[in-house]
Amino acid sequence: MNIMDALHLAGVTVKKVATTRGGEYAGGCPACGEGRDRFRVWPADKEGEGSYWCRRCGKGGDLVQFLVDFCGYDYKEAFAAAGRSNTGCYIPTRYKPARQAVPAVKKFEPVERDNPVDTWQTKAGEFVNRSHQALLEYDHGLEYLASRGISLSSVKKFRLGWHPGEKDKTCSFRPRKSWGLPEIINKKTGRPKMLWLPRGIVIPCYRGGGLHRVKIRRPKVDLKTDKDVKYYVLPGSGMEVFSAGSNKDVAVIVEAELDAILVAQEAGDLAGVVALGSTSTRPGSSVFYALQACQRVLVALDYDNGGSGPGETAVQWWKDNFRNAFWWPVPDGKDPGEAWEEGIDIAAWVTAGLPSSQRMTAMDIGYRPPEGVQDHMSELAWLLEQYQIAIVATPDRIEVQYNPVFKNQCVKQRVTELLAADDSEISLYLRHGHPDSMITGRNFWVKVGV
């Protein structure tokens, strides 16, 4: 027996998605039960026995572990089925069933992060206001943000700006003391160092009604060496993470502030959003405890679809510290900005990550047939899968079963229309041609007569 045989035994369907590692297959995870392609299988691993791993819940192992976790085998039976001997004990210490508890980790203690001094907030506020007005008059800057999906209304809402520099230079300088910052003496010149303000997109962060941090995203052309940083945080800024609506029942964790603004723009009515700045950054106490109170935290840190990335590695910290954390990378690209560029519907992606009760409510916004679906049969199959609808079909009747909290009348009406005619192709197929009496999006398509 190999891993593909075990998948068939467990009723898990996968499809080939890559040729790496001798072939890679993807499908829905039998452990967490969510997603369509986060469960990965490599049949050529382990000398042909195969291995598996879920990118969302972290379950993984070899053929023996799969047989124990998903096929009802004990370890003695699993080793025998895999063709390996297991003398001495039935449960080797190197194997851990999925139901065993995760080892305890050191408890993280968040720290309180205060706003900067009043003088800094005043000067930084003036800088943000000037930069915001400059951006509204700078077509190239607005076009760049639009290319990342950020609308003019979001530019205004989040007070984004553009600092062009001054005196024909790509930066400007101000006395540190005038911003309430401690004086630093340049050892070479003996004179006080100035506060450096490079040109770029200005991204302010507010907290508790006050200006907390100012970050500047510098143009690529200004990054001359490896020491030049793309994101420059103005000295004196507070270090709490960027957040918008983190007091909602669901929050999305991303890396870059511009990605957070895009998510807030497209799905702010569904979830709050937090931008860390980097995968290693931890939220301060105010955001940390707000996130712990959420029903679900969708961790969507930067991720490389072609392999493991820092966001995928960092997710373990979130799982260790948040019982409500789910690994939720974007379907395409490494971050929400790239996903938007590839045509991904950001609101639909967030909606899919909501708890079931909220997901049904969020879907109560009308109905549009999916793109690319040409016939009614395919449309009904899509509806059953998308909205978790079930159909009970016997030769005599058809009954549609909805989740009790499902309120989308537009979808219900469309399902009724597709099933309305007793002599329709769909009705005949479900009542007489389908072998199952309970039909969902997962088993809708069958080969009749096989």
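Just after helix α2, Gly72 adopts a positive phi of about 80 degrees; helices here are DSSP runs of H or I with at least four residues, strands are runs of E with at least two, and both are numbered from the N terminus. The model is predicted, so local features need pLDDT of at least 70 and side-chain atom pairs pLDDT 80 or more, while totals for chains, interfaces and linings use all residues. Residues are numbered from 1 along each chain as its sequence is written, and side-chain values use heavy atoms, with hydrogens and water left out.

Helix α2 itself spans residues 63-70 and is mostly covered, with seven of its eight residues buried (under 20% relative accessible area, using a 1.4 Å probe and protein chains only). The buried residues are Leu63, Val64, Gln65, Phe66, Leu67, Val68 and Phe70. They pack against α1 (3-10), α3 (75-81) and the strands β3 (39-42), β4 (51-54) and β5 (60-62). At the start of α2, a side-chain oxygen of Asp62 comes to within 3.3 Å of the backbone nitrogen of Val64.

A second region concerns a pair of helices. Two packed helices are described by the angle between their axes and the distance between the axes. Helix α13 (residues 376-386) packs with helix α14 (residues 409-419) at an angle of about 140 degrees, and their axes are 11 Å apart. On the α13 side, His376, Glu379, Leu380 and Leu383 meet Val411, Arg414, Val415, Leu418 and Leu419 of α14, where contact means heavy atoms within 4.5 Å.

Terms used: Buried < 20%, exposed > 50% of the residue type's maximum accessible area, 1.4 Å probe, protein only. Polar contact = N/O pair within 3.5 Å; in protein donor to acceptor, adjacent residues only side chain to side chain. Axes fitted to C-alpha atoms, helices over the stretch in contact; angles between N-to-C directions.
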